[in-house]
Amino acid sequence: MNDFEELMAAFGIAGGDRAVLEDQAIAHLVVIGNRVVSSRGLAGLAVQAEETESGVRLQIRLAEGVQLGTPVHTCFGVLHKAGNQQIEIDLVLGHDSSARFISHCLFPNAEKVRHCMDARIRVEEGARMEYQERHYHGPHGGVQVMPKALVSIGRGGRYVSEFSLIDGYVMNPGGGG
């Protein structure tokens, strides 16, 4: 089984439907470690991804007035037993736009993985954003999750965020369970 197939197996366990990656009407981004392995944008949604030594740097822009009818799917994973993944996100939803993002974070073999996210999110006036993050940590559960988001919301804007752990546990930064 290649890396993509292994990640897709974990994606299915975490509730993801592989068909969304094949649907031309759905935007997505799949990152394994620090490699972008699949992506698709849509009109009005610009996604720039830069691979870094330990992860990716993303710049995401939703144009003013664009209302995405389907969620944007992102998938971040580490397949090795140990490693670090650093996700940097700069996301802007333009005036009166709306989008829903579903992020699957998959670590099926993790024994000592550190997953960090540093996000700057700007929801402009009248814009709406929903963000759902779903984690699958496999049978060992050896994942440190270290998210940070600085969110600014314009007048009449709305931001909703939800985190789910499908399987496993999250280690505290001190290394305990």
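Guide: We begin with a definition: a residue is called buried when its relative accessible area is under 20%, exposed when that value is over 50%, and partly exposed in between. Please note that this is a predicted model.

Visitor: Is serine 98 buried or exposed?

Guide: Serine 98 is located in strand E7. Beyond its neighbours within four places in sequence, serine 98 is in contact with Leu62, Val66, Gln67, Leu68, Leu93 and Arg128. Because its relative accessible area is 13%, under the 20% limit, serine 98 is buried.

Visitor: Where is aspartate 96, and how does its relative accessibility class it?

Guide: Aspartate 96 is in the loop between strand E6 (82-93) and strand E7 (98-106). Leaving aside neighbours within four places in sequence, this aspartate 96 is in contact with Gly65, Gln67, Glu125, Gly126 and Ala127. Its relative accessibility is 38%, so aspartate 96 counts as partly exposed.

Visitor: How many Å lie between aspartate 96 and glycine 142 in space?

Guide: In sequence, aspartate 96 and glycine 142 are 46 residues apart. In space, from C-alpha to C-alpha, the separation of aspartate 96 and glycine 142 is 41 Å.

Visitor: What is the relative accessible area of histidine 104?

Guide: Histidine 104 has its place in strand E7. Its contacts, apart from neighbours within four places in sequence, include Phe11, His73, Cys75, Phe76 and Arg134. Histidine 104 is classed as buried because its relative accessible area is 1%.

Visitor: How many disulfides does a search of the whole structure find?

Guide: Cysteine 75 is in no disulfide, and the nearest cysteine sulfur, that of cysteine 105, is 7.8 Å away. A disulfide requires the two sulfur atoms to be within 2.5 Å. Cysteine 105 is likewise in no disulfide, its nearest cysteine sulfur being that of cysteine 75. Over the whole structure, the number of disulfides found is zero.

Visitor: Are cysteine 75 and cysteine 105 buried or exposed?

Guide: Cysteine 75 has a relative accessibility of 2% and therefore counts as buried. For cysteine 105 the value is 1%, so cysteine 105 also counts as buried.

Visitor: How much space lies in the largest cavity?

Guide: The count of cavities of 30 Å³ or more comes to one. Ala27, His28, Leu29, Arg40, Leu45, Val47, Ile60, Val72, Thr74 and Phe101 line the largest cavity. By class, this lining has seven nonpolar, two polar and one charged residue. The space in the largest cavity is about 50 Å³.

Visitor: Which strand supplies the largest share of the lining of the largest pocket?

Guide: The largest pocket holds about 240 Å³ of space. Of the 21 residues that line the largest pocket, Met117, Ile121, Tyr131, Glu133 and Tyr159 are the closest to its centre. The lining divides into 16 nonpolar, three polar and two charged residues. Its largest share, four residues, comes from E11.

Visitor: Which strand gives the most to the lining of the second largest pocket?

Guide: About 160 Å³ of space lies in the second largest pocket. Its lining includes Asp3, Ile32, Asn34, Arg35, Val78, His80 and Asn84. By class, there are four nonpolar, six polar and two charged residues in this lining. With three residues, the strand that gives the most to the lining of the second largest pocket is E6.

Definitions and conventions. Residues numbered from 1 in each chain as written. Predicted model: local features only at pLDDT ≥ 70, side-chain atom pairs only at ≥ 80, totals over all residues. Heavy atoms only, no water. Helix = DSSP H or I, 4+ residues; strand = E, 2+ residues; numbered from the N terminus. Buried < 20%, exposed > 50% of the residue type's maximum accessible area, 1.4 Å probe, protein only. Contact = heavy atoms within 4.5 Å. 1 Å grid on protein atoms, 1.4 Å probe; cavity = no way out; pocket = protein on both sides within 12 Å on 5 of 7 lines; lining within 4 Å. Points joined across faces, edges and corners; volume = space filled by probe spheres on them. Nonpolar A, V, L, I, M, F, W, Y, C, P; charged D, E, K, R; others polar.
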